[in-house]
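Here is my note on the structure you sent. Please keep the model open while you read.

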Amino acid sequence: MIDEGRLGTYLQDHYAGSAAGIELFRRAADQQTDPVARTALAAMVERIEAEQTALERYLAAVGSKPDPVKNAGAWVAEKLGRFKPNGELIRRSPLSDVVELEALRVATEGKAAGWRVLRKLAEDEDRFEVAEFDDLLKDADSQLAELERLRMAAALRVFRRPG
């Protein structure tokens, strides 16, 4: 039997993380210097918003809902992260492309970890569907592969000297 209170708290934490992640993905999609990265990240935003809807369903299934305080804290943390200068004070640093993609990758790893926990619980919980978590994990793996490809391309652009 599942401890719905603890699972509700866990899902609230992941929901708040998804809210911050969506903001970070949106910002990166708008500000990455590489148009290929901007396009790929914009497409990921839609998928991540759909995942957040899934989290809302699972929160409701255990009698919980998103926590506005946690969501606000995650939102503030994401906004404060924007002030890291990465070696530039006036304009966007080229390092920001790499650092943002790394942050997106870490966030996606965290999301996948949550899906794995829920996938395991779904094996014994009728309110959760194993197949849905399998799909969410497959999508997270796809996102991770794409983020790694974009990150390495950005790193090569930023760290290689011309000529």
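The points below go from the overall fold to single contacts.

1. **Overall fold.** This is a predicted model. The protein chain has 5 helices and 0 strands. Along the sequence the pattern reads α-α-α-α-α. Of the 163 residues in the chain, 41% are buried.

2. **The start of the chain.** Find isoleucine 2 in the segment before H1. Is isoleucine 2 buried or exposed? Its relative accessibility is 18%, so isoleucine 2 counts as buried, the cut-off being under 20%. Now look for leucine 121. Isoleucine 2 and leucine 121 are 119 residues apart along the chain, yet their C-alpha atoms are separated by 8.0 Å.

3. **Aromatic pairs.** A pair of aromatic rings is described by two things: the distance of the centres and the angle of the planes. How many aromatic pairs does the structure hold? There are 4. One of them joins tryptophan 115 and phenylalanine 133, with 6.1 Å from centre to centre and 45 degrees between the planes, and this pair is tilted. The pair links distant parts of the chain, with tryptophan 115 in helix H4 and phenylalanine 133 in helix H5 (residues 130-159), 18 residues apart. Both tryptophan 115 and phenylalanine 133 are buried.

4. Phenylalanine 128 is buried, and so is phenylalanine 133.

5. Side chains of opposite charge can pair when their charged atoms come close. The structure holds 19 salt bridges. In one of them, arginine 157 meets aspartate 34, and the closest N and O atoms are 3.7 Å apart. Arginine 157 lies in helix H5, while aspartate 34 sits in the loop between helix H1 (4-31) and helix H2 (35-61), so the pair ties together parts that are 123 residues apart in sequence. Arginine 157 is partly exposed, with a relative accessible area of 38%. Aspartate 34 is buried, at 17%.

6. Arginine 57 and glutamate 132 meet in a salt bridge of 2.3 Å, N to O. Which elements does this pair link? Arginine 57 is in helix H2 and glutamate 132 is in helix H5, 75 residues apart. Arginine 57 is partly exposed, with a relative accessible area of 42%.

7. Glutamate 125 and arginine 127 form a salt bridge through their side chains, at 2.6 Å from N to O. Glutamate 125 is buried, with a relative accessible area of 12%. Arginine 127 counts as partly exposed, at 34%. Elsewhere, salt bridges that share partners join Glu102, Arg105, Glu109, Glu148 and Arg151 into one network.

8. Rolling a probe the size of a water molecule over the atoms shows where empty space is left. The second largest pocket has a volume of about 240 Å³. It is lined by 18 residues, and the closest to its centre are His14, Gly17, Ser18, Ala107 and Lys111. Which elements give two or more residues to this lining? They are H1, H2 and H4.

9. Leu95, Val99 and Phe159 make a nonpolar surface patch of about 250 Å². Leucine 95 belongs to helix H4 (residues 95-122). Why can leucine 95 be called partly exposed? Its relative accessible area is 31%, which lies between the 20% and 50% cut-offs.

Technical notes
Residues numbered from 1 in each chain as written. Predicted model: local features only at pLDDT ≥ 70, side-chain atom pairs only at ≥ 80, totals over all residues. Heavy atoms only, no water. Patch = residues over 30% accessible without salt bridge, like charges linked within 9 Å, V, L, I, M, F, W, Y side chains within 5 Å. Areas by Shrake-Rupley, 256 points an atom, 1.4 Å probe, with all protein chains shown as cover. Salt bridge = Lys/Arg side-chain N within 4 Å of Asp/Glu carboxyl O. Helix = DSSP H or I, 4+ residues; strand = E, 2+ residues; numbered from the N terminus. Buried < 20%, exposed > 50% of the residue type's maximum accessible area, 1.4 Å probe, protein only. Phe/Tyr/Trp six-rings, centres within 6.5 Å; stacked < 30°, edge-to-face > 60°. 1 Å grid on protein atoms, 1.4 Å probe; cavity = no way out; pocket = protein on both sides within 12 Å on 5 of 7 lines; lining within 4 Å. Points joined across faces, edges and corners; volume = space filled by probe spheres on them.
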